[in-house]
Amino acid sequence: MLNALNEYRNMRQAAQAMNTTQPSVSLLLQQLEERLKVKLFERSPKGMEPTTYGEILIRYARNATHDFEHAEAEIQALSRGITGFIRVGSVTGAVPKLLTKQLIIFQKKYPHVQIYIHVATSDSLYEKLMRGDLDIVLGRLPDQISKHDLEIDYFEKGEEMSIIARPGH
């Protein structure tokens, strides 16, 4: 529900996307706000905007959705004899030189792993990594980023290219 409300910023549209009614979404949101004792969305005639509290809960909802997608894919893969999937982010420059070569090697070794590739800037990739939208990033570590929350493997001396992952990946 939180993901739908964040995406549509409108209770009726969120309810339609969830194949339910607006009153049930409204009641569920009200119950959640009462339980947490905070307002999660500011409501106005133009729609809804998440509060700071809402943004925190949306982030957790997004991560739970990603975790469920991983679990679902793993269960489906296991039932079909496939081992899973990985979401890789890469800067443009690394794709032809490093990523393509490594993906060919990886696919030969793990032919049943599905790979999703997202190409963008290092800043954008880092944000997606920390949100849980990516599992691993190939790129430059932005200067303003704390290295303490990451597992980093530097593999190229000249340009400071790194493999970056959240702990446990």
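Helix H6 gives way to Gly132, a residue with a positive phi near 95°. The model described here is predicted. H6 itself covers residues 122-131, and its buried residues are Ser122, Leu125, Tyr126 and Leu129. Viewed down the axis of H6, these residues fall within an arc of 100°, so they line one face of the helix.

The chain has six helices and seven strands. Along the sequence they follow the pattern α-α-α-β-β-α-β-α-β-α-β-β-β. Of the 169 residues in the chain, 33% are buried. The accessible surface is about 11,000 Å². Carbon and sulfur atoms account for 55% of that surface. Contacts between residues at least 6 apart in sequence were also examined, and 50% of them join residues at least 24 apart.

The largest nonpolar core contains 15 residues. Ala94, Leu99, Leu125, Val137, Leu138 and Leu150 touch the most other members. Helix H5 (94-109), H6 and strand S5 (136-140) each give two or more residues to this core. H5 gives the most, with four residues. A second core is separate and holds 13 residues, including Met11, Ala14, Ala15 and Ile58.

H5 is 16 residues long. The distance from its first C-alpha to its last is 21 Å, close to the 22 Å expected at 1.5 Å a residue.

Helix H3 spans residues 22-36. At 1.5 Å a residue, its 15 residues should span 21 Å, and the end C-alpha atoms are 21 Å apart, which agrees. Val25, Leu29 and Glu33 are the buried residues of H3. They cover an arc of only 70° around the axis, which puts them on the same side of H3. These buried residues pack against helix H1 (2-8) and helix H2 (11-17). They also pack against strand S1 (41-44) and strand S2 (47-50). The face turned away from the buried side carries Pro23, Glu34 and Arg35, which are exposed. Just after H3, Lys37 adopts a positive phi of about 60°.

Notes
Residues are numbered from 1 along each chain as its sequence is written. This is a predicted model: local features need pLDDT of at least 70, side-chain atom pairs count only at pLDDT 80 or more; totals for chains, interfaces and linings use all residues. Side-chain values use heavy atoms; hydrogens and water are left out. Buried means under 20% relative accessible area, exposed over 50%, partly exposed in between (1.4 Å probe, protein chains only). The arc is that of the directions from the helix axis to the C-beta atoms. Contact means heavy atoms within 4.5 Å. Accessible areas come from the Shrake-Rupley method with a 1.4 Å probe; for residues, only the protein chains shown count as cover. A nonpolar core is a set of buried Ala, Val, Leu, Ile, Met, Phe, Trp, Tyr and Cys residues joined through side-chain atoms within 4.5 Å. The expected span of a helix is 1.5 Å times one less than its number of residues.
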